[in-house]
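I opened the coordinates and kept these notes as I went. The entries follow the order of my look-ups.

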Amino acid sequence: MKDESRLIFVSRDHRTVKEVKISRWKIFTYLTVFLVVFLIIGKIGLDMIIDWSLNSEMKRLARTNLVLQNRLVEMSKKIKILNEQIEKIASTDDQLRTVLGLPKLNEDIRKVGIGGSDYNYEFLDQVSGFEAKVDLSEQLKKINQIEREVKLEIESYQSLLNTFYKKQDSVKYLPALRPVLKGVISSGFGLRYHPIYKVMRHHEGVDISAPRGTPVYASADGVVRFAGINGGYGKMIMLDHNYGFETRYGHLNKIVVRRGQRIKRGEKIGEVGNTGLSTAPHLHYEVLYKGRNLDPALYFFNDQILNRKIVSLAN
Ligand SMILES: [Zn+2]
């Protein structure tokens, strides 16, 4: 045959020779079969390797997924706790506002402050396999709400603190101390028969009768605006107390402060006397609010013990 080939095997010692006859067609067939088998086995092996690695990746992802789910469940519990705590903060806020005489943050402000989501978390549908209680978009919305509520409360507490300081501060400037501890109120505020002019006149303050030299104390914190002789007032001191309050002390025997000096409530500023239009030693004491005379007796306490305490603390 034309396409016949011979394979000759010779042993090492050249003693034996083997001859095999084989057709080229057969060689081609064998090679083809071998190649096909080799490819099939290779493919199966490769598939197995790929399957195995995909499988382990899947398992890894499944484990990760489970961990994430558990964390998200924990997070949603924490969000709930945070929400409850913020509600408590808000109710304390309301209480503080009541105490400080401020209006409560009304529901509308709270809603404006915490509602109106800026973001749209609409990717829930793309996340499958999660339980309903780990609704991601709901969680993010709640976190967003908490953030706004916390911001609102921070601002609110800041303004509460400011109001507190302001009120605490303004109390110091109220003319709450009786400027002469002992002594009798010999003439009150309002219309009266003037002892010198002998006519009915409006009395712009109160007169407290006391011996010459009795100490006169500042009724509130303030600054000396005037200290000197002022016509019918005789030796007079005028204090400016901020927030629109002003006090005047007339007919003094002695002035122990000077203009511009800062004064604390209860600090001695002078002594009772009989200077100016006065018939006997007494203190003429006025309280003004925004330039208008008010009845001083409405502002000071008559409690001797309290007044003495204030004075002893200031001097
Ligand atoms: Zn008077």
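I first looked up burial: 18% of the 315 residues in the protein chain are buried. I call a residue buried if 20 or more other C-beta atoms lie within 10 Å of its own, exposed if 12 or fewer, and partly exposed in between, with C-beta atoms placed from the backbone. I note that this is a predicted model, in which local features need pLDDT of at least 70 and side-chain atom pairs count only at pLDDT 80 or more, while totals for chains, interfaces and linings use all residues. I number residues from 1 along each chain as its sequence is written.

I then checked the overall dimensions. The radius of gyration of the protein chain is 50 Å, whereas a compact globule of 315 residues would have one near 20 Å. I take this radius over C-alpha atoms, and the globule rule is 2.2 Å times the number of residues to the power 0.38. Along its principal axes the C-alpha trace spans about 165 × 45 × 35 Å.

I assigned four helices and 14 strands to the protein chain. These are DSSP runs numbered from the N terminus, helices being H or I of at least four residues and strands E of at least two.

I followed helix 1 over residues 24-99 and found that its 76 residues reach 110 Å from first C-alpha to last, close to the expected 112 Å. The expected span is 1.5 Å times one less than the number of residues.

I next asked at what angle helix 1 and helix 3 pack. I found about 25°, with the axes 10 Å apart and helix 3 covering residues 136-172. Helix 1 is therefore roughly parallel to helix 3, a term for angles under 35 degrees. The axes are lines fitted to C-alpha atoms over the stretch in contact, and angles run from 0 to 180 degrees between N-to-C directions. Among the residues making the contact I list Ile79, Leu82 and Ile86 of helix 1, and Ile143, Ile146 and Val150 of helix 3. Two residues are in contact if their C-beta atoms, placed from the backbone, lie within 7 Å.

Val257 is partly exposed, because 18 other C-beta atoms lie within 10 Å. Leaving aside neighbours within four places in sequence, I find Val257 in contact with Val224, Ala227, Ile237, Ile263 and Ile269. Val257 and Gly270 are 13 residues apart in sequence and 7.3 Å apart in space, C-alpha to C-alpha.

Notes. Angles under 35 degrees count as roughly parallel, over 145 as roughly antiparallel, 65 to 115 as roughly perpendicular and the rest as oblique.
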